[in-house]
Amino acid sequence: MSIKPLQTDIQFLRDTIYGLTEQIDLLTILQDISKGIVSGFDFEEIISKFLDIVKEIINYKYAALFIYNRNSREYTLLKARQGENVFFEEKNINRPDKEIIKWVFKEKRWISIPPSETGSPEHERHSILPLQGTQEQIGFLLIISDAGDSIFNKTNQTILSFIADQTAIAIENQNLYSRLDRSKKHIANIVESINSGIITIDMSDNITLVNKNATAMLAIQSADLTGKNYRTVLSRELVTIINNLKSRLLEDGFVLEKKFEHNPFRDFAIRLGITASLITDEKDETTGIIFIFRDMMASKEIQRLTQLDELKNEFVSNVSHELRTPLSIIKSYVEAILDQVEPDDHETQRDFLSVINEETDRLTLLVNDLLDISRIESGKFELTLTSVLLSDVIYSVTATMGKRDSRHKIITKIPSNLPVIYADRDKVTQVIINLLNNAIKFSPEGGTIEINVVPEKGKLWCHVSDQGIGIDQENLHHIFDKFFRVDNSDKYEIAGTGLGLPIVKHIMESHGGDITVKSESGKGSVFSIGFPCNAVDDENET
Amino acid sequence: MKKNRTILIVDDMRQIRNILRFSLKKEGFDVVTADSGQAALDYAFSPVKPLDLVLLDIMMPKMDGYEVIKRLKKDDRTKNIPVIFLTAKAQVKDVVNGKAMGADDYVVKPYKFGVLHQKILDLLNIA
């Protein structure tokens, strides 16, 4: 290594010292500026400081800061500042041409624009200072200064570039902070308003988040659990569940919903579903676990569906029993005729065949009910309307049923000259059969069943009354509900699918008619159906 | 061989009682019937003729077949009488339930009389 002999040229030494002093001054200035800008607390402050400093360096007449809008891809004027004793009107500012701005950003330096490009007076100098962030364009500062000022020198260029960079970064950071803030707030809003309880923990088992719903669902007493170890603050029951889920999750990478009964108040259990998943960072490394609690009882919809589901299950089991009973009767009688009854014992054969016949009718009724219900459910229930004499329908039904059932007395009170109704004859027949069947089913042997037809209030009413077991008030509200069967100890004694009355009600409603019931436990029931009719006109026609 | 063997039929459905009585009599059994659980117990505890086997329906009003078998198996007078459940309940849990409660066999409606007959013969040790 050799040491260069000291230069003895005095001028050179002086220049060097002078240059170094200048650089030290420059560095000092830059450090001050940098502090000022970077310490700016918000957007406004940063920009304000920026404009101040630029003014100190080049005594501009006017400076305008344009910011690049990523969405519109336009530069918009954010802030303009006047020099002292200068009056500039904003509208007089010529926005620099896009091509020029493009060029400035390509050059990445402070550039003076020739007057020919700006169309400005000769005594003005327009220059542009680009603000380029690390990720994206921030904008530019349009500076209008006196053409006589010699501001374009190397020092100013250095200082302004430096300031522009610092400001751009400060603005960029500000933007990032506010975006971060916004998305943080956004996520916080979602977390709080979501219909589930959320608890997150980090890898050292400390709670990092508990939303309001979790506090409510898990009956967590203390206000703020964040930062505390979940084992120390949650109930023992919950800790066990979370431990279990955690180890399964860390082993398998996922956990399907686990259901459990949470019993924070002893007398009152809540059914919860809980799922867990891993929280990862940008490198996909696990940083924590999120537990999501769902209140299985909370949703009214779920409750309604569960209830419906139970009703359907019960219905299917009812139907299965109802189908098996007549089927097994039919099968055993047929078997007996084939295998056991003497070929010439015609009387027994006839007896057995009539049982088979009855049970076949029962099956047919049941299958028809099921078909009707499925038609109603799928919206395919249609009426074929014709003029119908209600008395005809009732007489034909009582004639057939009276033959079959000799254990009850059926009385009809039907006035002559009744108005005709406009209805589906088969469906009306079905309604009458259904009501009469019910009256028979729920009446003791020898009971009287009365059918009264009365025109009243623009409707033709048919009242079917029995002296049967009646319906108590509690059940009366539900008898038209699908699948509902009055739950009493005699349930099996009376066959039915729980479909008859719902179908009857639907038929009446699709006719624009009414159905009502009056009943008292032990004192019999009166079912009334009313068909719309025009009493006066129809009377003349018939 | 089947002479003097008495079978009690318990079912709330008249048609079922009738056809079972007919078929079993044809096969040479003596038959008594009950239309309810209570009637069955009343007969079983003080039979006119001792019972050799009970055919028991499950779904009956007031007292169901499960209750009847519970009481039969608890009483010294009746605990050794074989019981066959005869029912329209066809789920596996019903079969398990029935066996657990002491039923000796189980026949689901609709049944084949031939099958029921064979089960009766087996339980009564009739070749």
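These notebook entries record what I looked up in the predicted model above.

**Conventions.** I number residues from 1 along each chain as its sequence is written, with chains lettered from A and ligands numbered from 1 in the order in which they are written.

**Entry 1: chain A overall.** I counted 15 helices and 17 strands in chain A; these are DSSP runs numbered from the N terminus, helices being H or I of at least four residues and strands E of at least two. Of the 542 residues in chain A, 27% are buried. I call a residue buried if 20 or more other C-beta atoms lie within 10 Å of its own, exposed if 12 or fewer, and partly exposed in between, with C-beta atoms placed from the backbone. I then took the contacts in chain A between residues at least 6 apart in sequence and found that 58% of them join residues at least 24 apart; a contact requires C-beta atoms, placed from the backbone, within 7 Å.

**Entry 2: backbone exceptions.** Most residues other than glycine have a negative phi, and most peptide bonds are trans. I noted Arg73(A), not a glycine, with a positive phi of about 55°. Arg73(A) sits in the loop between β1 (62-69) and β2 (74-82) of chain A and is exposed because it has 7 C-beta neighbours inside 10 Å. Lys457(A), also not a glycine, has a positive phi of about 50°. I located Lys457(A) in the loop between β14 (448-456) and β15 (459-465) of chain A; its 8 C-beta neighbours inside 10 Å make it exposed. Pro110(B) belongs to the loop between β5 (105-108) and α5 (113-123) of chain B.

**Entry 3: the interface.** I found 18 residues of chain A in contact with 17 residues of chain B. Helix α9 (residues 300-339) of chain A supplies eleven residues, the largest share of the chain A side. That side has six nonpolar (Ala, Val, Leu, Ile, Met, Phe, Trp, Tyr, Cys, Pro), six charged (Asp, Glu, Lys, Arg) and six polar residues (the others, Gly among them).

Entry 4: I placed Asp57(B) in the loop between β3 (53-56) and α3 (65-74) of chain B. Asp57(B) is buried because it has 27 C-beta neighbours inside 10 Å. Setting aside neighbours within four places in sequence, I found Asp57(B) in contact with Val10(B), Asp11(B), Asp12(B), Gly65(B), Leu86(B) and Thr87(B).

Technical notes
This is a predicted model: local features need pLDDT of at least 70, side-chain atom pairs count only at pLDDT 80 or more; totals for chains, interfaces and linings use all residues. Two residues are in contact if their C-beta atoms, placed from the backbone, lie within 7 Å.
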